[in-house]
Amino acid sequence: MRSTTTHTSRRVCPARAQIDDARVAARAWAHLLDVETSGANAVETLDTYVAHASSDASGRLLELVRHDERDNVRAHAVHAASKLGRVGDLRELLDILEQPPAVTWSVHIALLDACRTHALAPRGLDALRDVDRLDVQSALASL
């Protein structure tokens, strides 16, 4: 015999929803800045922040890309900015392509992917063309 559960639809006031989103975003941001937050937990926390943040998310994403020590968070912040369609913000980050990586090439690859997605033409790719990494060369070839 199949059991049936009745769900009641609850309407939420739009102002209340914005307050709840702001609280979730603030809590996610604080958790993300905790040095103990790493790996998949950090990436999921960043996704939660972006999903609940208001339009100020873009500035914070740029801050992460420029200053965070965790390469996976930096690369994921580039992908999040790209998904938000913040082309101007992405242009501000293109100088990173001219610098050597802090740890891995993931941030560079994320930026090259964003360039392809948004038809951006980065400068100073000569140094990257000499990198002996298939994933970097593949990202370059897709531009």
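Where do Asp-113 and Arg-116 lie, and how many residues apart are they? I looked this up before anything else. Both residues lie in helix α6, three residues apart, which is about one turn of the helix. I note that the model is a predicted one.

**Entry 1. Asp-113 and Arg-116**

I examined the side chains of this pair and found that Asp-113 and Arg-116 meet in a salt bridge, with 3.3 Å from N to O. I then looked up the accessibility of Arg-116, which is partly exposed at 42% relative accessibility.

**Entry 2. Overall composition**

I counted eight helices and zero strands in the protein. Read from the N terminus, the order of elements is α-α-α-α-α-α-α-α. The protein has 143 residues, of which 37% count as buried. I recorded an accessible surface of about 9300 Å², with 50% of it belonging to carbon and sulfur atoms. Among contacts with a separation of 6 or more, residues 24 or more positions apart account for 60%.

**Entry 3. The other salt bridges I looked up**

My search of the whole structure returned five salt bridges. One of them joins Arg-66 to Asp-95, where the closest N and O atoms are 2.8 Å apart. This pair links distant parts of the chain, since Arg-66 is in helix α3 and Asp-95 is in the loop between α5 and α6, 29 residues apart. I found Arg-66 partly exposed at 35% relative accessibility, and Asp-95 partly exposed at 32%.

I also looked up Asp-135 and Arg-133, whose side chains meet in a salt bridge at 2.9 Å, N to O. Asp-135 has a relative accessible area of 31% and is partly exposed. Arg-133 is likewise partly exposed, with a relative accessible area of 40%.

**Entry 4. The aromatic pair**

How many aromatic pairs does a search of the whole structure find? I found one. The pair is formed by Trp-29 and Tyr-49 and is tilted, with 5.0 Å from centre to centre and 45° between the planes. It links distant parts of the chain: Trp-29 belongs to helix α1 (residues 14-33) and Tyr-49 to helix α2, 20 residues apart. Trp-29 counts as buried at 7% relative accessibility, and Tyr-49 counts as buried at 1%.

**Entry 5. The largest nonpolar core**

I next examined the largest nonpolar core, which has 40 residues. Tyr-49, Val-78 and Leu-128 touch the most other members. The elements that give two or more residues to this core are α1, α2, α3, α4 (71-83), α5 (87-93), α6 and α8 (134-141). Helix α6 gives the most, with seven residues.

I listed the contacts of Val-78, leaving aside neighbours within four places in sequence. Val-78 is in contact with Val-65, Leu-90, Val-107, Ala-110, Leu-111 and Ala-114.

**Entry 6. Helix α3**

Which residues of helix α3 (residues 57-67) are buried? I recorded Ala-57, Ser-58, Leu-61, Leu-62, Leu-64 and Val-65. These residues lie on the same side of α3 because they cover an arc of only 160° around the axis.

Gly-59 also lies in helix α3, but I found Gly-59 partly exposed, with a relative accessible area of 44%.

I located Thr-45 in helix α2 (residues 39-52). Its relative accessible area is 8%, so Thr-45 is buried, the limit being under 20%. Not counting residues up to four places away in sequence, Thr-45 touches Ala-28, His-31, Leu-32 and Thr-37.

I located His-108 in helix α6. His-108 is buried, with a relative accessible area of 3%. Leaving aside neighbours within four places in sequence, I found His-108 in contact with Ile-96, Leu-97, Gln-99, Pro-100, Pro-101 and Leu-128.

**Entry 7. Backbone at Ala-119**

Most residues other than glycine have a negative phi. I looked up Ala-119 and found a positive phi, near 55°. Ala-119 is placed in the loop between α6 (106-117) and α7 (126-129). Is Ala-119 buried or exposed? I recorded Ala-119 as exposed, at 71% relative accessibility.

Terms used. Residues numbered from 1 in each chain as written. Predicted model: local features only at pLDDT ≥ 70, side-chain atom pairs only at ≥ 80, totals over all residues. Heavy atoms only, no water. Buried < 20%, exposed > 50% of the residue type's maximum accessible area, 1.4 Å probe, protein only. Helix = DSSP H or I, 4+ residues; strand = E, 2+ residues; numbered from the N terminus. Arc of directions from axis to C-beta. Contact = heavy atoms within 4.5 Å. Areas by Shrake-Rupley, 256 points an atom, 1.4 Å probe, with all protein chains shown as cover. Phe/Tyr/Trp six-rings, centres within 6.5 Å; stacked < 30°, edge-to-face > 60°. Core = buried A, V, L, I, M, F, W, Y, C linked by side-chain atoms within 4.5 Å. Salt bridge = Lys/Arg side-chain N within 4 Å of Asp/Glu carboxyl O.
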